[in-house]
Amino acid sequence: MNHPSTRRAPLGVAVVGTGAMGADHVRRLTEVTSGARVVAVADVDADRVAAVAAAVDDCTAHTDPVAALDAPGVEAVLVASPGPAHEAILLAALERDLPVLCEKPLTPDPASALRVLAAEQRLGHRRIQVGFMRRYDAEYLRLRALLAAGTLGRPLMFHCRHRNAAPHPSFVDAMLINDSVAHEIDATRWLLGQEVTAVTVHRPTPSAHAPTGLGDPQLVILRTADGALVDVEIFVSCGFGYQVQAEVVCERGTARIGEAHGLMTNTAAGWGGAIAPDFVERFADAYDREVQAWVDATRRGETTGASAWDGYASAAVCAAGVAAQRTPGESVPVALGDRPPFYDDPPSHDGPPSGG
Ligand code: NAD
Ligand code: ISE
């Protein structure tokens, strides 16, 4: 790779996985992000990848994801394939010393996450950013700044609601934790600055509208190292739209985000607002900032944002959460290894968004 700080040409990106997120990231990199262009796309679905490539100038299409990494002009990779496919492409990217923005989860279990960490450490420098995009959402950033300022005192409880209109068709019980609550797990670690030490899951009688076999909704309780409690309502077949809301209760006050997102109206009939249909709309600004920050950092030769360690720590909590789903009401401890010094340097993106 050319040294990013000495060249002006846009960063050549390969996007692996061109489903909902991948296609949206291709659009973003092409129409919104500055300093980057999509030069290759990959998907195991030949028709889908051909259609996405056809809409982008000078972009090659691949059904073999590794072949996309070796395509002409590729200098960095955005991974948006399903979680179980991440390990193979991450290891291939590290072998080629390519910077990666990997959609969450890093991988779906701690053992595979540790293999990725080992490969990155063998390489000798950090190359992976995990796409925990709430770290770039304006409201989450303000909440983090407020908590860090300390005026509200110590956080005692963190109430979270995470609702989807309908789940991805591949959803099974474990994905409620690995794909959905993974966001609240990262938000807890990032906002409260503490590791999660134990997980309990409570399971109400499932909604009649949940797909067969999916125990939806669930109530997931995380305990943190300093004794804070985090309760997460995860409800992925709520039917009415996409809602992500949170309230931190501290010793001297509370702070709430995500209540009224978007248009609010007052009319003769009453007042009300619109609910985003999905994550693509609700977190559009956060994805824009996340991808721009990744491109900018990559062109400077840096790796910022949530690290592979953060991805592993999240996977370790998820593993406890999936075990807790099988023993409802019982607290399951998190088995988290020690953080290697390699991952000690803090990410540098933590300031408020520009204009925020
Ligand atoms: P999707 O099913 O819409 O798309 C996944 C695509 O990957 C499909 O086109 C599929 O054919 C392709 N694919 C499958 N195996 C592949 C492989 N080995 N190599 C290349 N392509 C492969 O799923 P999605 O909703 O776009 O999710 C993709 C990723 O993004 C997942 O990791 C998911 O957890 C993450 N995601 C993140 C957010 C967020 O808010 N940050 C939201 C949704 C999804
Ligand atoms: C999806 O993979 C996401 O990451 C979304 O942000 C989340 O809301 C959804 O539940 C997941 O399936």
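The following legends describe close-up views of one predicted model.

Residues are numbered from 1 along each chain as its sequence is written, chains are lettered from A and ligands numbered from 1 in the order in which they are written, and side-chain values use heavy atoms, with hydrogens and water left out.

**View 1. The two domains of the chain.** The chain is assigned to domain 1 (4-134 + 286-306 + 338-343) and domain 2 (151-280 + 312-333); such bounds come from an automatic or database domain assignment. Taken over C-alpha atoms, the centres of domain 1 and domain 2 are separated by 27 Å. Contact (heavy atoms within 4.5 Å) involves 16 residues of domain 1 and 16 residues of domain 2.

**View 2. The largest pocket.** The largest pocket holds about 1,100 Å³ of space. Of the 45 residues in its lining, Met21, Ser81, Pro82, His168 and Asp179 are the closest to the centre. Two or more lining residues come from each of α1 (20-31), α3 (65-69), α4 (86-95) and α7 (173-192), and α7 gives the most, with five residues. Domain 1 and domain 2 each supply at least three residues to this lining. By class, the lining has 25 nonpolar, 14 polar and six charged residues.

Terms for this view: on a 1 Å grid over the protein atoms alone, a cavity is a set of points where a 1.4 Å probe fits but cannot get out, whereas a pocket is an open set with protein on both sides within 12 Å along at least five of seven lines; lining residues have an atom within 4 Å of a point. Grid points are joined across faces, edges and corners, and a volume is the space filled by probe spheres set on the points. Helices (H or I, at least four residues) and strands (E, at least two) are DSSP runs numbered from the N terminus. Ala, Val, Leu, Ile, Met, Phe, Trp, Tyr, Cys and Pro count as nonpolar, Asp, Glu, Lys and Arg as charged, and the others, Gly among them, as polar.

**View 3. Ala182 in helix α7.** Ala182 is placed in helix α7. Ala182 counts as buried because its relative accessibility is 1%; buried means under 20% relative accessible area, exposed over 50%, and partly exposed in between (1.4 Å probe, protein chains only). Leaving aside neighbours within four places in sequence, Ala182 is in contact with Phe132, Ile177, Ser314 and Cys318. Phe132 is 50 residues from Ala182 along the chain, and the C-alpha atoms of the two are separated by 8.9 Å.

**View 4. The seven-stranded open sheet.** Seven strands form an open sheet in the order β12-β11-β7-β10-β9-β8-β15, with mixed pairing. At the edges stand β12 (253-257) and β15 (332-333); each has a single partner strand, so one side of each lacks a neighbour in the sheet. Two strands pair if DSSP finds at least two bridges between them.

**View 5. Strand β11 and its partners.** Seven of the eight residues of β11 are buried. Strand β11 (residues 243-250) pairs with β12 in the antiparallel sense over five bridges, and a hairpin of two residues joins β11 to β12. Within this pairing, Cys250 stands opposite Gly253 in β12, and Ala246 has Ile257 in β12 as its bridge partner. Strand β7 (residues 155-163) also pairs with β11 in the antiparallel sense, over eight bridges; here His159 has Glu247 in β11 as its bridge partner. In a regular strand the side chains alternate between the two faces of the sheet.

View 6. The peptide bond from Lys104 to Pro105 is cis, with omega near -5°. Pro105 lies in the loop between β5 (100-103) and α5 (110-123). The peptide bond from Asp216 to Pro217 is also cis, with omega near 5°. Pro217 is placed in the loop between β8 (196-202) and β9 (218-224).

**View 7. Aspartates with positive phi.** Asp58 is not a glycine, yet its phi is positive, at about 50°. Asp58 lies in the loop between α2 (46-54) and β3 (60-62), and it counts as exposed because its relative accessibility is 67%. Asp97, in the loop between α4 and β5, has a positive phi near 55°. Asp97 counts as partly exposed because its relative accessibility is 27%.

Notes. Predicted model: local features only at pLDDT ≥ 70, side-chain atom pairs only at ≥ 80, totals over all residues.
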